[in-house]
Amino acid sequence: MSKVSPDNYVAIQGWMITDLNLKGNELLIYAVIYGFSQDGESQFTGSLQYLADWCNSSKESARKVVKNLLDKELLIKEDKIVNGIKFCKYRAVKPKK
């Protein structure tokens, strides 16, 4: 069952396409994470499954996209271990004009 409800939405801004040259699943996942972290203080703490649901793809596919965005330095990742369980937080990097 998808974690995306019929009332959820993602905002894709023009600069994500023109300045970052993102498309497909990279664009969708970047936009989802940007939506959670655009205030510069908050972070995306959701699961890879949530991102996969937005792309209508697998967790492994979402994992690869997140890795690509990290390699392009468009995301910042913070790991935290709580009771032996690793939690990841992500912030989208907005390019400077």
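Biologist: How many residues does helix α4 have, and how far does helix α4 reach from its first C-alpha to its last?

Modeller: Before the answer, please note that this is a predicted model, in which local features need pLDDT of at least 70 and side-chain atom pairs count only at pLDDT 80 or more, while totals for chains, interfaces and linings use all residues. Residues are numbered from 1 along each chain as its sequence is written, and side-chain values use heavy atoms, with hydrogens and water left out.

Helix α4 covers residues 59–71, which makes 13 residues, and reaches 18 Å from its first C-alpha to its last, close to the 18 Å expected at 1.5 Å a residue. Here helices are DSSP runs of H or I with at least four residues, strands are runs of E with at least two, and both are numbered from the N terminus; the expected span is 1.5 Å times one less than the number of residues.

Within α4, the residues Ala62, Val65, Val66 and Leu69 are buried, where buried means under 20% relative accessible area, exposed means over 50%, and partly exposed lies in between (1.4 Å probe, protein chains only). Seen down the axis of α4, these buried residues fall within an arc of 100°, so they line one face of the helix; the arc is that of the directions from the helix axis to the C-beta atoms. An α-helix has 3.6 residues a turn, so residues three or four places apart point the same way. The cover over the buried residues of α4 includes α2 (24–37), α3 (48–55), β1 (75–82) and β2 (85–92), with contact taken as heavy atoms within 4.5 Å.

Helix α2, which is part of that cover, has buried residues of its own, among them Leu27, Ile29 and Tyr30, and α4 is in turn included in what covers the buried residues of α2.

Just after α4, Glu73 takes a positive phi of about 60°. Lys72 forms a salt bridge with Glu26, the closest N and O atoms being 2.7 Å apart; a salt bridge is a side-chain nitrogen of Lys or Arg within 4 Å of a carboxyl oxygen of Asp or Glu. Because Lys72 lies in the loop between α4 and β1 and Glu26 lies in helix α2, the pair ties together parts that are 46 residues apart in sequence. Lys72 is partly exposed, with a relative accessible area of 45%, whereas Glu26, at 14%, counts as buried.
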